[in-house]
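Please consult the sequence and the structure below while reading.

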Amino acid sequence: MVFKLNNYGKIPQLISREYGKFRVTIIVDRCKECGLCIAICPVKVLVKSSAENKYGYHPPEPLNIEKCIGCRLCEYNCPDFAIFVEKVV
Amino acid sequence: MVVEAINVHPLDKHLRLDRIPTLYCPGCGIGIALGAILRALDRRISEGLIDPNRVVWVGGIGCSARAVFYVKFDAAHILHGRAIAFATGVVLANPELLAIVVGGDGDIAGIGGNHLIHAARRNMDMIVVMITNFVYAMTGGQVAPTTPRGVKTTTTPKGNPELPLNAVKLVLSLNANYVARASVTTPHYIESFFYKALGMKGFRFIEVISTCPEIYGRHIGLRDPVEMYNELKKRVKYRSKPSIEDADIDWERGVVIGEFLERNNPSYLELLREVYSR
Amino acid sequence: MKKTFASGNIAIAEGAITAGLKFYAGYPITPSSEIMEYLAEKLPKLNGVVVQMEDEIASINAAIGASWTGVKSMTATSGPGFSLMAEAIGLAVITETPLVIVDVMRAGPSTGVPTKTSQSDVLQARWLAHGDYIVPCYAPWSVQEAYDLTLKAFNTAELLRTPVIVLSDAVIAHLWEPLTIYDQGEVDIVDRKIPRGVERALPYKPDPDLVPPMPIFGKGFKTIVESLIHDERGYYAPHEDSYRALITRLNLKILKRLNYIFDYEIYNCTSECDYMLLSYGSTARVTYIAMLELRRRGYNVCMLRLKTLWPLDRERLVSSCGARKIVVVENNTGKIYMDVDRIFKDREVYSAPVLGLELPSLREVLEVVSLWL
């Protein structure tokens, strides 16, 4: 399932995708586009999306969610509490 | 202008959601350090070791000290450099409270240097987290006591002629119970050191080397958050049981992180009780 | 109650103990060190804490931190240390922290003469920190009054959530006189209001008396003690309306209780008074005798002694006595004189600055005052 992100007003507050054991969620309006999560992910799950959040930043989206290994490096290295990983039962 | 409070992130229960997003620049290391500290605190609270109503965060002035805005605990945002003195009063007047002092290198080791020295000398019961970015960032990028020699800052436009202070070495020379250094490129270490500190008594000091892309990054040519993070990551080396000689911070030779000192000497409150029981 | 013989410094310490002092942080400085020494012996036996900090700045910040845990706290110092405490007094004002600061005045400026007296800090006590605020200041003239006014200082601090300054001086500090120490049940002791519910939505919302209940640490209030201009939530609010609201309230809450705070004594005032001597603190002791001597010589003179140096109640002062000529006698270059001149606009007000390191002699005061009679 891929989110279609349109212009501001139609963007959901969360971008969330899951595959297998892990779900990655981004809280859209907290993101400041620092790029750390995208760079730190060892398996390149995240890419910068083309959508703009409330402040004009482009949050990431878990495009390659099937590769996620649940290491949570994105969650730990995000300075803005904007991304987290959950185990899906 | 804030986001409507969404309560989904695992740390949201400890955050004042009506003040998120934080004021920090994109890629600022303070947010990483704060997240790691909150995770450790959350674990200790779930274990029942720490009562959240007894936690008091104290911050002075500066970007790092403003972390106290965001935590949903009792907090104090007071004068530049005086957080340690304020926390001393809190802990002595009510020994059941846990004081967590958060501040930058200028706040804690610059103007607050004298208070740092004496709290460490007394082995005062508090945890001090000093987030080092080598510059006074909130006021625009002036030189700090920890700025390496030669760096061009706004008040040393031709390069810093001064030699820097090493806060870890300073505290190691006193009577603290725990001295550690971590980096925002190693949030798991920040969490595990803070977790350990929460289970100890006496003076616990954790220095967290941080990125600062907008201000210090600008001074040293690393304005991109990812680039500055990677450059710092390359230079950070973990060592188990490093000694005081390893504590030097050198951008060329690297920065050693780890637990420099861990002991269980009587804390100030215990020493005080012992004196009054005579 | 207990009747004893004590010094001014000891009286201040005992006044604090009666008020319920539980935390003292200080730094040694002549002539105030005995307050800390006396409390270091007595306070731990009453479950209090005395800590000698590394400097005056640490002392007052620690006292503010302690006050936020719900205990009554105090620090004492002299001129040079008081100057160091400037920033923290501003912090106590904006965070609305109950606190008593004792300044045992000595000859200045700077190191001055540590062991001798002066009254030169009387305006500094009002305006020490930057910003727009009113800090109540009390000035005792005897050992008993040092005890009474310290107790009143604590009550004022707790009632109005403000720092309060007690201006003693080197003479009162080391003077020994009879002292009556009251039991806690015999005197009025005020404790700060604490919110009843937990986690108030607006921790800085004032009650009708303009003082918010104090959400102390450790009770689950999730307080934020904030030194920046803040709104009723305690969040930084750099906006016109929040700034105006906060500053207005901080000042008004003090002025609303002017009647309680402002106190003075008037001696021998009749409807035929030609002259009034105005004095305060240790100098008033000699001014009083001078007034009696002048009356013996046939002058219609009375004396007004200020017990509160700030804020001043213009109405009560103006209506206190009808004397046309007022002479202000003080041990400085004429500071309270400026206020008296301003307040008693329609009278002739003269300054009699008896500048000296010790109490002036009767002859000196008579000489200076007689110039204006």
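In β9(C), residue C:E226 is the bridge partner of B:H77. This bridge belongs to a parallel pairing of strand β2 (residues 74-77) of chain B with β9(C), which extends over 3 bridges; two strands pair if DSSP finds at least two bridges between them. The model is predicted: local features need pLDDT of at least 70 and side-chain atom pairs count only at pLDDT 80 or more, while totals for chains, interfaces and linings use all residues. Residues are numbered from 1 along each chain as its sequence is written, and chains are lettered from A and ligands numbered from 1 in the order in which they are written.

**Chain C as a whole**

Chain C has 14 helices and 15 strands. Here helices (H or I, at least four residues) and strands (E, at least two) are DSSP runs, numbered from the N terminus. The radius of gyration of chain C, taken over C-alpha atoms, is 21 Å, close to the 21 Å that the globule rule (2.2 Å times the number of residues to the power 0.38) gives for 373 residues, so chain C is as compact as a globular protein of that length. Along the principal axes, its C-alpha atoms fill a box of roughly 70 × 45 × 40 Å. Of the 373 residues in chain C, 53% are buried, a residue being buried if 20 or more other C-beta atoms, placed from the backbone, lie within 10 Å of its own.

**Two contact surfaces**

Chain C is divided into domain 1 (1-261) and domain 2 (265-370), with bounds from an automatic or database domain assignment. The centres of the two domains, taken over C-alpha atoms, are 28 Å apart. Their contact takes 27 residues from domain 1 of chain C and 22 residues from domain 2 of chain C; two residues are in contact if their C-beta atoms, placed from the backbone, lie within 7 Å. Among the elements that each supply at least two residues of the domain 1 side are β7 (163-169) and α9 (240-255) of chain C.

The contact between chains takes 37 residues from chain C and 28 residues from chain B. On the side of chain C, α3(C) gives the largest share, 8 residues.

The table lists the classes: Ala, Val, Leu, Ile, Met, Phe, Trp, Tyr, Cys and Pro count as nonpolar, Asp, Glu, Lys and Arg as charged, and the others, Gly among them, as polar.

| Side | Classes |
|---|---|
| Domain 1 of chain C, touching domain 2 of chain C | 20 nonpolar, 4 polar and 3 charged residues |
| Chain C, touching chain B | 22 nonpolar, 8 polar and 7 charged residues |

Technical notes
Buried ≥ 20, exposed ≤ 12 C-beta atoms within 10 Å, placed from the backbone.
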